[in-house]
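The following note sets out points for a colleague who has the coordinates at hand.

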Amino acid sequence: MEKQNILNFMEKNKELLLIHTDMQNVEGTKTKRMNIMLTPQFYTLRREAVPVKYIYQAKKIAPSMFDGLLDDTLNYQYYVEKGERWLFIAYDIEKIKSFLVEKGIALENIVKIYFADQSLSHFVSPVLLGTEQALVNLNGIMTVVPQKILDTQSSPIEITSQFIPKKGETFNLASNVSMPNNETYILAAIFILFAAMYTVEGSRYDMQDNKESEKIAELFEAHPSLSSAYTRKNILEKYNRLDKKERQKRKIVKKLSHIIFKGVTLQTLTISDHSVQSTFKCKDQNIVNKLSSLASKEKLISQKGSNNLLSIEGKL
Amino acid sequence: MQFKLYKNEIIMVLAICVLLGAFFYKQKAQNAQKDDASIVILQETKKIIALKKVWADKSSISKIKNLKNIVSSSKVKWNKKSKKLSVSFLDLSNKEFNKVMTKIMNLPIEIISLEAKEVDSKYKVEMKCKW
C-alpha cells in the first residue's frame with residue numbers, strides 16, 4: 001500500500017481517462033490528478049516518413065503536413081513523435097478544454113494529454129466508447145467505429161494506465177496559451193539570475209560603504225585635526241586656492257618659455273598675486289608680430305611698445 | 001486547487017517580485033552610497049592630505065635650501081625667516097637664469113613676488129616666497 005502511494009506521484013501511475021464525444025459527465029475529478037487520452041475525434045493525424053532528424057525540425061514542418069486537411073477557423077497545436085515513420089498530430093486545445101469542462105473535468109488536475117494513436121500496440125481489442133461506438137486499431141490507425149460492426153468474437157478491453165505511452169503533451173490549463181511552461185521557467189530563471197546579480201551588486205555597495213567608514217576612521221586617527229568638518233573645509237579651501245594659483249603661475253611661465261625663439265630676449269618678468277607680466281625685446285618688427293601672435297595663441301595678452309618691445313601678460 | 005490553475009503566473013509574479021526586490025535593494029544601496037556623507041568626507045580628507053603633501057611637506061625645506069647652492073654663493077643674497085624666504089640672484093648669465101627659474105618653478109613654494117630683470121645681458125632675480 002505504501003509503495004503504491006509513492007508510485008502515485010509518478011505521472012504514469014496516475015489514472016488515465018479516455019476522452020470521447022459520447023462520454024458521460026465525470027464526477028469526483030475535483031481533487032484527483034489524472035492523465036487523459038484523446039480519441040481521434042479530437043485530433044487529426046498523419047504518419048509520414050520525412051527526412052528530418054530532430055523533433056524541433058519535425059515540429060517546424062508539422063503545419064505543412066496538414067495543408068488543406070484542417071479547419072482554418074480553429075487554432076491548432078501540433079504534436080510530433082519519432083518512430084519508424086514520424087507521427088504528426090494536430091489538435092485544437094481550446095476545443096478540447098471546453099469539452100472537458102462540459103464533462104465536469106477539473107482542468108487543473110490534468111497532468112498530461114496522450115493520443116490514442118501513440119499506444120497502438122495496446123489496442124489489441126476494441127475499447128467501447130459509450131453504448132454505440134468503439135475505438136479500434138484499424139491497420140495501424142486508431143478509428144472510432146459503430147459497435148454494430150465489431151466482430152462478436154473479439155471481447156472489448158478496458159483502458160488502463162498501462163496504455164500510457166512514453167511521451168505526452170504537458171497540459172497546463174492557464175499556461176497553455178498565454179504562458180507556456182518552458183517560457184515561464186526560462187523567464188523566471190532569467191529574472192532570478194538578474195535578482196541575484198542585483199543582490200550581489202547591492203551587497204557590494206554595502207560592503208564598500210563599510211570599508212569607507214573604516215578608512216575614514218583610520219585617516220582621522222592619523223590626522224586628528226581633520227575630524228572637524230569646519231577645519232576640513234577651511235584647510236581644503238586654503239590649499240585649493242593655493243594649488244590653483246601656484247599652478248597657474250607656473251603654467252604661464254612655462255607658456256612664456258615656449259613662445260620665445262631666436263631674436264627674442266626677455267627683459268623683465270614679474271610674478272605677483274594677480275598676474276605674470278613680461279617684457280620681451282625683439283630683433284625687428286616681424287619678430288614682434290610673430291611673438292604677439294604666438295602669445296595670443298597661448299591666450300596671453302600682448303601689447304606692443306616702442307623700440308621693438310612687446311609686453312605679454314597672463315592673468316591669474 | 002486554484003493556485004495550480006495559475007501556477008505559471010504565480011511563478012512569474014514571484015520571480016518578478018524577487019527581481020524588483022533585488023533591484024530596489026541595489027538601487028537603495030547605490031543611492032545611499034552616492035548620498036553618503038562618508039564619501040564626501042573621505043574625498044575631502046584624501047584631497048587635503050594630497051595637497052598638504054605637495055604644499056606643506058616638511059621635506060620641502062631641504063629642496064628650498066638647494067636653491068642657495070644652484071649658483072655661486074657670491075651671486076646669492078639669502079634671507080630666510082621661519083617659513084618665509086627673500087632671495088636675490090645677481091649677475092646671472094642666460095644659462096644660470098634658466099637654471100634658477102626652472103628650479104624655482106619646480107619648488108613647492110608659494111611665490112609671493114618674483115621680479116627678473118635683464119641688465120647688460122645679465123639677469124637679476126628677486127623673489128619672496130613662503131611654504
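Which residues are exposed on the other side of helix 3 of chain B?

1. The model under discussion is predicted. In answer to the question above, Val40(B), Gln43(B), Ala50(B) and Lys53(B) are the exposed residues on the other side of helix 3 of chain B.

2. The buried residues of that helix are Ile41(B), Thr45(B) and Ile48(B). Viewed down the axis of helix 3 of chain B, these buried residues fall within an arc of 60°, so they line one face of the helix. Their packing partners belong to the other chain: the buried residues of helix 3 of chain B pack against helix 4 (181-222) and helix 5 (229-259) of chain A.

3. The length of this helix can be checked. Helix 3 of chain B comprises 19 residues (residues 37-55), which at 1.5 Å a residue should span 27 Å. The C-alpha atoms at its ends are 26 Å apart, in agreement with that expectation.

4. As to the setting of this helix, chain B contains five helices and four strands. Along the sequence these elements follow the pattern α-α-α-α-β-β-α-β-β. Chain B has 131 residues, of which buried residues make up 21%. Among the contacts in chain B with a separation of 6 or more, 45% are between residues 24 or more positions apart.

5. The contact between the chains involves 43 residues of chain B and 49 residues of chain A. On the side of chain B that touches chain A, at least two residues each come from helix 1 (2-5), helix 2 (7-35), helix 3 and strand 3 (110-119) of chain B. Helix 2 of chain B gives the most to this side, namely 17 residues. By class, the side of chain B that touches chain A consists of 25 nonpolar, six polar and 12 charged residues.

6. Strand pairing also crosses from one chain to the other. Strands of a sheet pair through backbone hydrogen bonds, in either a parallel or an antiparallel sense. Here, strand 11 (residues 264-271) of chain A and strand 3 of chain B run antiparallel and are joined by four bridges. Within this pairing, Ile271(A) has Leu114(B), in strand 3 of chain B, as its bridge partner.

7. Chain A has six helices and 14 strands. Of its 316 residues, 24% count as buried. In chain A, residues 24 or more positions apart account for 54% of the contacts with a separation of 6 or more.

8. Three strands of chain A form an open sheet in the order 3-5-4, with antiparallel pairing. Its edge strands are strand 3 (43-48) and strand 4 (77-81) of chain A, each of which pairs on one side only. On average, and with direction ignored, neighbouring strands of this sheet are turned by 20° against each other.

9. Within that sheet, strand 3 of chain A and strand 5 (residues 86-91) of chain A pair in the antiparallel sense over six bridges. Glu48(A) stands opposite Trp86(A), a residue of strand 5 of chain A. Helix 2 (residues 55-65) of chain A packs on the sheet and touches strand 3, strand 4 and strand 5 of chain A. The direction of helix 2 of chain A makes about 130° with that of strand 4 of chain A.

Note on methods
Residues are numbered from 1 along each chain as its sequence is written. Chains are lettered from A and ligands numbered from 1 in the order in which they are written. This is a predicted model: local features need pLDDT of at least 70, side-chain atom pairs count only at pLDDT 80 or more; totals for chains, interfaces and linings use all residues. The expected span of a helix is 1.5 Å times one less than its number of residues. A residue is buried if 20 or more other C-beta atoms lie within 10 Å of its own, exposed if 12 or fewer, and partly exposed in between; C-beta atoms are placed from the backbone. The arc is that of the directions from the helix axis to the C-beta atoms. Two residues are in contact if their C-beta atoms, placed from the backbone, lie within 7 Å. Ala, Val, Leu, Ile, Met, Phe, Trp, Tyr, Cys and Pro count as nonpolar, Asp, Glu, Lys and Arg as charged, and the others, Gly among them, as polar. Two strands pair if DSSP finds at least two bridges between them. Axes are lines fitted to C-alpha atoms, for helices over the stretch in contact, and angles run from 0 to 180 degrees between N-to-C directions.
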